[in-house]
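Please work through each task before reading its solution.

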Amino acid sequence: MPNMQKEKHPMPTRSPEERRKTFGEVALGYDEETAVSEAERCLNCRNPLCMQGCPVMIRIPEFIRKVAERDYEGAYEVISASSSLPAVCGRVCPQETQCEKTCVRGLKGESVAIGRLERFVADRHNALSRGKGDRAPHVSNGHKVAIVGSGPSGLACAGDLNRLGYDVTIFEALHVAGGVLVYGIPEFRLPKEIVKRETDNLTENGVRIETNVVVGKTLTIDELMEEEGFEAVFVGSGAGLPRFMSIPGENLKGVYSANEYLTRVNLMKAYLPGSDTPIRHAKRVAVVGGGNVAMDAARSALRMGAEEVSIVYRRGEEELPARREEVEHAKEEGIVFRLLTNPKEILGDEKGEVKSISCVEMTLGEPDSSGRRRPVEKENSLFSIDVDTVIMAIGTSPNPLIKSTTKGLETQKWGGIVADEDGRTSRPGVFAGGDAVTGAATVILAMGAGKKAAAAIDAYIKEKHAG
Amino acid sequence: MPYKILKREELNPQVIRMEIDAPLVAKKAQAGQFIILRVDDVGERIPLTVADTDPGRGSVTIIFQTVGKTTLKLGAKSEGDTIADFVGPLGRATETEGLKKVAVIGGGVGCAIAYPVAKKLSSIGCTVHSIVGFRNKDLVILEKEFREVSDRYVLTSDDGSVGEKGLVTDALKRLIEEGEAYDEVIAIGPLIMMKFVARLTKEYGIKTVVSMNPIMIDGTGMCGGCRLSVGGETKFACVDGPDFDGHQVDFDEAMARNAAYRDFETRERDEYCRLYGK
């Protein structure tokens with residue numbers, strides 16, 4: 001008999017007071033009994049709607065059933081047949097808008113906690129199998145494929161191609177592999193140990209990762225294909241250049257892009273005492289934007305010792321693009337939400353240091369092309385907030401490096417690489433996916449794109465050699 | 001994969017030249033481009049301009065002044081030691097095509113970056129007048145190298161202990177007044193020097209290119225830390241530069257931004273010096 005408890009088991013978390021002082025992970029994970037009891041809430045529907053909500057179509061009821069049966073390795077096998085990064089996705093996927101949104105249990109109560117169960121299964125597997133490698137030794141099929149970027153799309157694409165026998169080399173511009181998983185998403189949401197575990201898994205299975213190679217500069221795609229013998233290239237180079245608002249004062253000292261702030265904290269470990277990378281120890285911070293990146297930046301600033309951190313967002317609570325859970329966590333930790341507020345200017349002192357940000361109040365008008373209600377400025381509503389640091393978290397535009405150095409690679413007007421559903425670009429043998437194609441999106445969508453491209457690359461190379 | 005130091009040489013008490021084993025970078029790097037390195041696993045990423053390359057040997061030469069913790073740590077390495085990371089070439093190469101007569105201005109350790117530009121110009125048959133300035137005679141670097149690639153070489157020092165007493169702008173003004181007609185002036189050195197070179201050449205209407213060296217992290221356009229105002233627009237030095245039109249750059253803003261972490265940098269350096277008795 002299924003467990004008919006209406007609510008999902010809550011995720012054990014650190015207390016907000018403790019969180020304000022540590023970069024340790026916020027969500028602590030289910031223990032075994034909680035996981036089994038949660039798994040028993042699944043009705044194992046004949047037509048599982050949850051699966052349709054999953055971008056990589058994990059056989060969700062099947063893995064949950066294995067958890068209920070306490071066959072955790074069996075559950076891991078089911079998940080890893082579809083997902084390359086279970087421990088990552090169990091943490092950062094927006095399940096509430098995907099698999100859990102369509103769960104039947106959600107009609108009368110809360111959906112099954114699919115994400116929490118995925119995390120439980122992955123963590124348990126990783127704890128038990130540490131250092132053993134996942135699979136049988138790699139048997140090469142003699143074909144080389146290059147992957148540009150070691151973020152979620154690149155890792156997923158590499159994993160699948162490696163499994164199919166390809167000799168895969170990932171080229172990463174930074175000094176460590178993981179892309180946004182290491183420079184962007186903070187430790188308290190995704191411990192870097194978990195990312196390292198995933199990249200180590202790949203290298204143990206025969207994938208080569210070359211760090212410190214900027215494709216487009218150190219090597220071009222043409223060189224990879226014409227001189228280095230790669231038969232296909234997958235471009236998963238991510239979202240790229242941070243956007244600013246083009247308001248006065250954005251180049252004052254104390255104004256960061258979220259990318260820069262998070263990179264200093266996460267990748268360069270500026271939060272640890274031994275790091276050589278400097279960062280402002282801000283007291284009063286305004287983070288402009290309402291997405292997950294804005295929440296990550298705000299909550300990082302708090303942990304770096306800020307006394308007051310505000311989110312400044314021009315629309316309302318309903319419109320915040322961040323995951324509900326992240327917004328709730330931020331609120332619990334004491335982040336101030338200044339909604340329906342839009343910055344007009346950042347003001348500095350005589351040394352060029354930020355001292356305040358002036359803003360106007362907004363109201364919401366008719367829905368715009370994005371379907372969200374359009375923010376309209378209220379007259380005579382100008383006011384200012386005293387801050388010493390401003391973090392701009394209003395999105396990114398694609399990096400031009402690869403576009404400008406690859407012959408025959410078509411891009412959209414806004415800079416994204418043109419690719420079909422399976423990742424094929426205008427250039428034969430070159431595939432692309434993730435944020436480089438879609439603009440900033442989610443880890444799971446990027447991973448899904450990497451997997452589709454892997455299948456398309458396999459078909460492309462097989463076809464080439466069949467002729 | 002660590003990168004080996006093939007050669008280490010002190011050019012003056014504060015300036016060190018190192019040849020690093022980095023074949024992929026050596027094959028590609030052009031004058032004006034830069035690399036980013038990290039000395040060790042807790043190290044920060046710092047940009048340094050490529051001073052020379054030897055594609056045959058697979059090596060890249062960097063020249064740096066030991067001013068902060070990272071450059072002190074780097075300077076303390078010996079031949080045969082390795083550094084953790086070395087990536088490049090980044091940024092755009094200096095544009096030299098079609099230039100017939102150029103004044104190359106180098107200030108202090110900026111000469112390390114000015115030299116490859118002078119060398120490149122000389123190699124394409126351009127007339128090169130190099131004007132280099134130092135605080136005093138003990139700090140002079142690359143004199144022999146500059147002379148080899150320059151049609152005229154003017155050395156200045158602040159205190160007159162070597163060459164002409166005065167600033168590079170004095171010498172440049174004199175040459176222009178003497179009737180030397182330059183297609184372009186390329187100035188590389190401290191921000192304050194580049195600011196005044198640009199101010200001078202604006203009076204004479206001579207196109208002037210400056211090489212900016214702002215604070216950076218990734219160097220590939222991801223962080224936006226290296227942004228500066230050029231002609232009222234925000235540009236990223238790492239992907240749009242590092243060379244910019246000197247008449248358009250907001251030098252005062254750039255100087256303020258470069259000082260963003262001065263307190264931290266001073267503290268870190270002092271602590272390092274105390275620990276290692278430097």
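**Exercise 1.** By class, how many nonpolar, polar and charged residues does the lining of the largest cavity have?

*Solution.* The model is predicted, so local features need pLDDT of at least 70 and side-chain atom pairs count only at pLDDT 80 or more, while totals for chains, interfaces and linings use all residues. Residues are numbered from 1 along each chain as its sequence is written, chains are lettered from A and ligands numbered from 1 in the order in which they are written, and side-chain values use heavy atoms, with hydrogens and water left out.

Step 1: On a 1 Å grid over the protein atoms alone, a cavity is a set of points where a 1.4 Å probe fits but cannot get out, and lining residues have an atom within 4 Å of a point; grid points are joined across faces, edges and corners, and a volume is the space filled by probe spheres set on the points.

Step 2: locate the cavity. The structure holds five cavities of 30 Å³ or more, and the largest has a volume of about 190 Å³. Its lining comprises 19 residues, of which Ile215(B), Gly225(B), Arg257(B), Ala260(B) and Tyr261(B) lie nearest the centre. Two or more lining residues come from each of β6 (255–257) and α12 (258–267) of chain A and β14 (227–230) and α8 (251–258) of chain B, where helices (H or I, at least four residues) and strands (E, at least two) are DSSP runs numbered from the N terminus. The largest share, three residues, comes from α8(B).

Step 3: sort by class. Ala, Val, Leu, Ile, Met, Phe, Trp, Tyr, Cys and Pro count as nonpolar, Asp, Glu, Lys and Arg as charged, and the others, Gly among them, as polar. The lining then has 10 nonpolar, three polar and six charged residues.

**Exercise 2.** Determine at what angle the axes of α5(A) and α7(A) cross, and which residues meet.

*Solution.* Step 1: axes are lines fitted to C-alpha atoms, for helices over the stretch in contact, and angles run from 0 to 180 degrees between N-to-C directions. The axes of α5 (residues 72–82) and α7 (residues 114–129), both of chain A, come within 9 Å and cross at roughly 110°.

Step 1: angles under 35 degrees count as roughly parallel, over 145 as roughly antiparallel, 65 to 115 as roughly perpendicular and the rest as oblique. Helices α5(A) and α7(A) are therefore roughly perpendicular to each other.

Step 2: contact means heavy atoms within 4.5 Å. On the α5(A) side are Tyr72(A), Glu73(A), Ala75(A), Tyr76(A) and Ile79(A), and among their partners in α7(A) are Phe120(A), Arg124(A) and His125(A). This contact has seven nonpolar, two polar and three charged residues.

**Exercise 3.** Which residues of α4(A) and α7(A) make the contact between these helices?

*Solution.* Step 1: helix α4 (residues 60–68) of chain A packs against α7(A) at an angle of about 60°, with the axes 11 Å apart, and that makes α4(A) oblique to α7(A).

Step 1: Ile60(A), Phe63(A), Ile64(A) and Val67(A) of α4(A) touch Ile114(A), Leu117(A), Glu118(A), Phe120(A) and Val121(A) of α7(A). By class there are eight nonpolar, no polar and one charged residues in this contact.

**Exercise 4.** Where do Pro89(B), Pro242(B) and Met57(A) lie?

*Solution.* Step 1: most residues other than glycine have a negative phi, and most peptide bonds are trans.

Step 1: a cis peptide bond joins Gly88(B) to Pro89(B), with omega about -5°, and Pro89(B) lies in strand β7 (residues 85–90) of chain B. Another cis bond joins Gly241(B) to Pro242(B), with omega about 10°, and Pro242(B) is in the loop between α7 (237–240) and β16 (243–245) of chain B.

Step 2: Met57(A), although not a glycine, has a positive phi of about 55°, and Met57(A) sits in the loop between α3 (49–52) and α4 of chain A.

Technical notes
On a 1 Å grid over the protein atoms alone, a cavity is a set of points where a 1.4 Å probe fits but cannot get out, and a pocket is an open set with protein on both sides within 12 Å along at least five of seven lines; lining residues have an atom within 4 Å of a point.
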